[in-house]
Amino acid sequence: MDENHETKVDLPKPDKSRIEKFTAGTTLHGVGYIANRSHHPARRVLWACVLVVLAAWLVYGIATGVTKYFTYPVSTSIVFNYAKNNTFPAITICNYNQFKRSHVERSMRNNSDDTEVLSKLMFSLATGETREIDWKKYEELYGDKPWNMTDVSRRTGHQLEDMLKICVWNKGETCDVRNFTTVFTDFGMCYTFNDVMNERHLTVTQAGSAQGLRLRLTAEQDEYYWGYYNSAGFKLHVHPKGEFPLVEKFGVSVTPGFETSIKITNVISRSRPAPYRSNCSDLVLDHSSVYSAQQCWYDCQSKAITRQCGCRYYKLAGSEDMCDPEQIVKCVIPALKNYSTSQNTCECPEPCTQESYETKMSVAHWPNNFALSRVAKLTNDSEEHIKSNLLEVFIYFDVLGYQEILQLPSYDFFDLQSDVGAYMGLLCGASIVTLVEFMDFGLAGITKRLRRNSRE
């Protein structure tokens, strides 16, 4: 019994000496001053206060770093990558006027008994403004041959063979209407050069207008009719091959009487997927082989209007049955005016990779007074007609290569690791080895205690 009693009394002493030895030799600074009983109590208390403050500072720094890491911040890097050649984009052009006056007036002459009905109908279809129309008379006129607005636009719209006077591609190679594809966009009937239907891969090996596209166009202003726009000329959109052209939203205007130079720069943006804030995703769309958030919103708008009216407007994407004029006037036009993005239930994330073309425009009067008479003789038109209708466009690369906009993690795991290590070293003189020391000390103490208990 005496031996057992002596053993119980002596147990704490080895533990205390063991702690003192550990604190005296650990790489965690300052702990030895607290555990060493030979120091004055006030000195030990002071060191304890210092370590508590530094430990709180350490915890705050680590917590701040961890919080910052889980916000997944990014920085943007802009790099220009030079190249030996560039792929030429698609160019979509649309006349500001949708229906040619001569075709509309011819239809009115053919239906002279109901000119008022046809006039109001064409006004509504062209301007997007509703008029009171006698639909019974319309049914009597066209009931057996309902209008298909795609066919109407093809038949009554401006034809490219009439508008395109000169087309030159890449150092003098002649192009013509066969190099264009008829497309229906949010602007109406348009024509695309270098469309995805064109299997030829167009590239340029030199920057500047010599290896670009030159177009001479006539607006045919004498054929202008009521329209949504009061401008004259063309809307032009530069976009990647295969992307549906949103001409109304993103096109630029070129006007008669001017030579317009459009310098383009290829831009590729790369975003990051979740958990980063951009949360990018490359979705698949029905109407466009190239995804973008703008294309997605257009797709959502098309589906919303189609659901509401039970048919598809010819300026919107889809494969549903086409709306007839009555459905357009009564439903589609009001729905488009009242439509807002708040009605969308679609998720349209930013694409992880998006290609676009940045444009810079400059204009000059064309032709000059000296050349005007010569152009008039060549075209067999009056000088006034040339000023009001003809224009020239040059589209070319500003520099060979592409601008790359990259989203990069601005605070990744290695940055967090560095900050934690810096706080530990600055505030406590600690490191990963220090943590291992404490783990080793704890495991050794537990093991020793277990062995002692098993012997008892």
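Start by selecting helix 11 and helix 12, where helix 11 passes helix 12 in a right-handed crossing. A crossing is right-handed if the near helix is turned clockwise from the far one by less than a right angle, and left-handed if anticlockwise. Helices here are DSSP runs of H or I with at least four residues, strands are E runs of at least two, and both are numbered from the N terminus.

Before going on, note that this is a predicted model: local features need pLDDT of at least 70, side-chain atom pairs count only at pLDDT 80 or more, and totals for chains, interfaces and linings use all residues. Numbering runs from 1 along each chain as its sequence is written, and side-chain values use heavy atoms, with hydrogens and water left out.

**Stop 1: the helix pair.** Select residues 293–309 for helix 11 and 325–338 for helix 12. They pack at an angle of about 140 degrees, with axes 10 Å apart. The axes are lines fitted to C-alpha atoms over the stretch in contact, and angles run from 0 to 180 degrees between N-to-C directions. The two helices are therefore oblique to each other. On this scale, angles under 35 degrees are roughly parallel, over 145 roughly antiparallel, 65 to 115 roughly perpendicular, and the rest oblique.

Now show the side chains at the contact (heavy atoms within 4.5 Å). Helix 11 contributes Q301, I305, Q308 and C309, while helix 12 contributes Q327, C331, V332, A335 and L336. These residues divide into six nonpolar, three polar and no charged. Nonpolar covers Ala, Val, Leu, Ile, Met, Phe, Trp, Tyr, Cys and Pro; charged covers Asp, Glu, Lys and Arg; the others, Gly among them, are polar.

**Stop 2: C309 and C331.** A disulfide is called when two cysteine sulfur atoms lie within 2.5 Å. The torsion about the S-S bond of C309 and C331 is about -90 degrees, so this disulfide is left-handed. The pair links helix 11 to helix 12 across 22 residues. C309 is buried at 12% relative accessibility. Buried means under 20% relative accessible area, exposed over 50%, and partly exposed in between, using a 1.4 Å probe and protein chains only.

**Stop 3: C296 and C348.** Select them next: a disulfide joins the two, S to S 2.1 Å. Its torsion is about -75 degrees, so it is left-handed. C296 sits in helix 11 and C348 in the loop between helix 12 and strand 13, so the pair ties together parts 52 residues apart in sequence. Both C296 and C348 are buried.

**Stop 4: C280 and C352.** This disulfide has S to S 2.2 Å. The torsion is about 90 degrees, so the disulfide is right-handed. C280 lies in the loop between strand 12 (258–270) and helix 11, and C352 in the loop between helix 12 and strand 13 (353–365), so parts 72 residues apart in sequence are tied together. C280 is buried at 5% relative accessibility. C352 is buried too, with 17%.

**Stop 5: C311.** Move to the loop between helix 11 and helix 12, where C311 lies. C311 is buried at 3% relative accessibility. Leaving out residues up to four places away in sequence, C311 touches I305, T306, D321, M322, C323 and Q327. Check M322: C311 is eleven residues from it in sequence and 5.6 Å away, C-alpha to C-alpha.

**Last stop: the whole model.** Zoom out and select every cysteine; the structure holds seven disulfides. Finish on C49, which is partly exposed with a relative accessible area of 42%.
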